[in-house]
Amino acid sequence: MNNPLLSFMRSKELVLSNGKKVYKKRSYTLLVVLLIALLIYWSAKMTGFDLQVLIKRGEEFFVILKRMVPPNTAYFNEVIPPLLDTIKMSVLGTFIGALLAIPYAMWSATNLTRNHWITSLLKLLLSLIRTLPTLVTALILTYIFGLGTFAGTLAIALFTFSFIAKQLYEAIETADMSPYEAMEALGANKMYSFLGAIKPQVLPTYLSVALYTFEGNVRHAAILGYVGAGGIGIILDENLGWREYQNVGMILLCLFLTVVVIESVSRYLRTKLT
């Protein structure tokens with residue numbers, strides 16, 4: 001007895017004009033679309049998503065935004081200290097994480113470290129670190145090191161380390177190894193061979209990724225105050241809790257301008273690198 005599913009999955013037989021038979025693979029587009037549709041429906045049911053509620057209540061978001069205008073300019077002096085803390089956390093955390101990522105990426109790259117078990121273990125550890133969101137990492141670190149910017153800086157450093165290390169070891173693994181092998185054949189050790197042959201190939205990518213990560217870290221640092229990890233998130237949480245929306249508008253305006261300036265400078269530097 002023919003199974004309809006198996007019949008659908010079999011390759012379609014075509015007969016050419018010369019009598020030769022060829023087989024065309026069946027397209028699974030319809031099955032994929034149906035599967036995605038079922039997953040979307042199942043996800044909506046599980047999360048309680050309701051389009052009607054979104055349409056009815058969604059306008060409340062704009063009501064709150066209207067209450068933030070005009071921003072309370074008198075609150076500007078209160079915003080600057082935590083905003084500077086946010087920037088300092090981002091700078092230091094990005095620097096530490098990017099620096100630690102270099103040796104880790106070298107040990108994780110399969111074309112530099114021949115031991116498969118070591119590279120697999122290092123990549124697995126990196127995946128575990130990336131699994132934790134920055135906010136969760138910051139919350140854990142506040143229990144260990146106490147409230148304040150120190151825990152926030154470490155959380156940013158861990159995220160930066162995990163992200164840049166992955167990008168860097170992938171860049172190393174795709175690098176041209178011929179110059180590296182030639183330097184080793186001439187008697188250079190692994191470090192000199194790496195600096196002379198691999199570093200020039202991966203340095204632009206490394207710096208570009210580091211700058212891109214720094215942009216994101218400024219935004220990440222802005223919400224770490226919600227778990228007591230310092231930065232502008234502390235006063236943002238306080239003013240939202242007290243419904244001081246004009247103060248919130250001032251905080252968001254200062255944060256927006258800071259992010260725009262940082263992204264503009266970072267984008268300019270990344271274009272120079274490429």
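Tutor: Arg 219 is partly exposed, with a relative accessible area of 39%, a value that falls between the 20% limit for buried and the 50% limit for exposed residues. In this predicted model, Arg 219 forms a salt bridge with Glu 263, and the closest N and O atoms of the two are 2.5 Å apart. Because Arg 219 lies in helix α10 (residues 190–223) and Glu 263 in helix α12 (residues 245–273), the pair ties together parts that are 44 residues apart in sequence. Side chains of opposite charge can pair when their charged atoms come close.

The pair is one of 5 salt bridges that the structure holds. Another joins Lys 123 to Glu 173, with the closest N and O atoms 2.8 Å apart. Here Lys 123 belongs to helix α6 (residues 116–131) and Glu 173 to helix α8 (residues 149–173), so this pair ties together parts that are 50 residues apart in sequence. Glu 173 is partly exposed, its relative accessible area being 28%. A further salt bridge is formed by Asp 85 and Lys 88, whose closest N and O atoms are 3.6 Å apart; both residues lie in helix α5 (residues 76–108), 3 residues apart, which is about one turn of the helix. Within this pair, Asp 85 is partly exposed at 27% relative accessible area, whereas Lys 88 counts as exposed, at 53% relative accessibility.

Turning to aromatic side chains, a search of the whole structure finds 3 aromatic pairs. In one of them, the ring centres of Tyr 104 and Phe 161 are 5.0 Å apart and the ring planes stand at 80°, so the pair is edge-to-face. Since Tyr 104 lies in helix α5 and Phe 161 in helix α8, the pair ties together parts that are 57 residues apart in sequence. Both Tyr 104 and Phe 161 are buried. Phe 159 and Phe 163, by contrast, form an aromatic pair that is stacked, with 6.2 Å centre to centre and 15° between the planes. These two residues both lie in helix α8, 4 residues apart, or about one turn of the helix. Phe 159 is partly exposed, with a relative accessible area of 27%, and Phe 163 is likewise partly exposed, with 24%.

On the surface there is a nonpolar patch that includes Leu 132, Val 136, Ile 144 and Phe 150, and the accessible area of the whole patch is about 810 Å². Helix α7 (residues 134–145) gives the most to this patch, with 6 residues. Ile 144 is found in helix α7 and counts as exposed, at 56% relative accessibility.

Arg 243 has a phi near 60°, a positive value in a residue other than glycine.

Methods
Residues numbered from 1 in each chain as written. Predicted model: local features only at pLDDT ≥ 70, side-chain atom pairs only at ≥ 80, totals over all residues. Heavy atoms only, no water. Salt bridge = Lys/Arg side-chain N within 4 Å of Asp/Glu carboxyl O. Buried < 20%, exposed > 50% of the residue type's maximum accessible area, 1.4 Å probe, protein only. Patch = residues over 30% accessible without salt bridge, like charges linked within 9 Å, V, L, I, M, F, W, Y side chains within 5 Å. Areas by Shrake-Rupley, 256 points an atom, 1.4 Å probe, with all protein chains shown as cover. Phe/Tyr/Trp six-rings, centres within 6.5 Å; stacked < 30°, edge-to-face > 60°.
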